[in-house]
Amino acid sequence: MPVTVPRSRGRLSHAAVRAAVLACALVGLLLAGCGSSGHASSSSSNSTSTLTLGSSSAPAAGKGAGSHRDVVNVYSADAAGDLSPVVRGDPALVYVPNSLSNTVDVISQRTLKVVAQFPVGALPQHVTPSYDLRTLYVDNDLGNSLIPIDPRTAKPGRPIPVEDPYNLYFTPDGRFAIVVAERLQRLDFRDPSTMRLMHSLPVPECRGVDHMDFSADGRYAFASCEFAGRMIEIDLSTQQVIRTLVINNGVASPQDVKLSPDGRTLYTADQQNGGVWEIDPYAFRVIGFLRTSAGAHGLYPSRDARFMYVANRQAGSISVVSFRTRRVIKTWQLPLPASPDMGGVSADGNTLWLSGRYNGVVYAIDTRTGRLRAAIPVGDGPHGLCVWPQPGRYSLGHTGILR
């Protein structure tokens with residue numbers, strides 16, 4: 001008989017939640033149906049519970065988080081123009097890793113033109129800001145290195161040896177960098193300054209471990225498993241996987257991950273099913289599915305935390321989702337062929353920047369009108385670009401910036 005094994009977190013007061021959010025530096029930006037599911041089977045072993053979710057007997061959306069009614073905006077530090085003194089003098093640029101060209105293009109946000117290009121290691125996947133906002137890192141996946149960039153000068157430094165850095169995050173307390181070693185099926189906890197390996201966490205249950213986000217209290221991380229149709233939850237205090245969530249009986253390809261502003265809904269884009277799964281982060285169960293369009297991939301909250309932009313890579317469009325109603329309210333179609341992938345929102349909130357993964361361009365989209373401002377030619381295979389500078393006081397890595 002199906003059994004759900006919940007993890008009790010207790011109820012925090014509004015003041016406690018807010019203090020935790022502000023102190024721990026939660027999820028932010030960096031860098032939208034019908035739905036879905038009931039428990040088909042479940043098992044538990046030691047501290048890990050595995051839940052398999054099908055496509056029937058769906059619980060009502062929002063019920064799983066019903067006991068957590070304290071509302072706090074985890075994106076409060078991402079407001080337009082709220083720049084840290086650390087980054088206030090940094091030039092407004094977009095750093096584009098070209099995975100197939102092994103280069104980084106640098107685009108001026110003012111002129112919408114490439115102003116520099118430099119070679120990097122093999123298969124650069126993302127460009128990630130450091131926790132203290134003073135360095136940007138190029139994640140060279142096959143090159144087994146991180147290349148630091150000085151965001152004040154846009155100049156690269158000497159490579160730092162790191163195994164399989166597909167992606168890079170920082171724990172909300174700043175104690176660890178988490179290198180997402182996708183090929184090696186590991187999460188490597190490293191010193192955030194030296195990148196020295198502290199602890200390696202094998203995640204064989206999470207084939208294609210890709211993207212992450214954090215709980216509203218900063219104690220847990222949630223990672224997508226692109227090739228396993230799963231999500232995993234990691235206890236950051238023990239650096240162990242505590243729960244595994246199988247989505248749609250494994251017939252799914254979860255990509256980017258983002259928490260709702262109130263911390264009560266976790267979203268993951270599903271490239272295979274063309275939409276966004278809604279997950280209760282407390283019960284760690286699917287509570288709904290929001291259809292966007294083919295190839296749903298990147299997720300980016302607006303600067304006022306009202307909307308989430310969903311990049312639909314195969315459809316060549318962007319869905320605008322209301323966080324309040326959990327509905328698609330607009331769809332912005334790019335001129336085809338187009339393949340909007342990963343990116344971020346400008347510091348003033350007026351431009352959504354997305355890489356055109358299969359078209360060798362970067363899209364600059366006006367968030368007020370949905371109009372394409374420019375399609376800027378770059379290298380081959382542009383991927384997880386970094387829009388810089390960003391609001392906030394600390395970086396959680398590729399997922400974004402928050403106080």
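This is a predicted model: local features need pLDDT of at least 70, side-chain atom pairs count only at pLDDT 80 or more; totals for chains, interfaces and linings use all residues.
**The disulfide**

The structure holds one disulfide, and this bond joins Cys206 to Cys225 with an S to S distance of 2.0 Å. The link of Cys206 and Cys225 is left-handed, with -100° about the S-S bond. Because Cys206 sits in the loop between strand S14 (197-202) and strand S15 (209-214), while Cys225 belongs to strand S16 (residues 220-225), the pair ties together parts that are 19 residues apart in sequence. Both Cys206 and Cys225 are buried. Another cysteine, Cys386, also counts as buried, since its relative accessibility is 0%.

**Aromatic pairs**

Across the whole structure, a search finds six aromatic pairs, and two of them are set out in the table below.

| Pair | Distance between ring centres | Angle between planes | Class |
|---|---|---|---|
| Tyr131 and Tyr394 | 5.0 Å | 25° | stacked |
| Trp277 and Phe289 | 4.5 Å | 50° | tilted |

Tyr131 is buried, with a relative accessible area of 16%, whereas Tyr394 counts as partly exposed at 33% relative accessibility.

In the pair of Trp277 and Phe289, the planes lie at 50°, so the pair is tilted. Trp277 lies in strand S21 (residues 275-280) and Phe289 in strand S22 (residues 285-291), 12 residues apart, and both Trp277 and Phe289 are buried.

Note on methods
Residues are numbered from 1 along each chain as its sequence is written. Side-chain values use heavy atoms; hydrogens and water are left out. A disulfide is a pair of cysteine sulfur atoms within 2.5 Å. Helices (H or I, at least four residues) and strands (E, at least two) are DSSP runs, numbered from the N terminus. Buried means under 20% relative accessible area, exposed over 50%, partly exposed in between (1.4 Å probe, protein chains only). Rings of Phe, Tyr and Trp (its six-membered ring) pair if their centres lie within 6.5 Å; planes under 30 degrees apart count as stacked, over 60 as edge-to-face and the rest as tilted.
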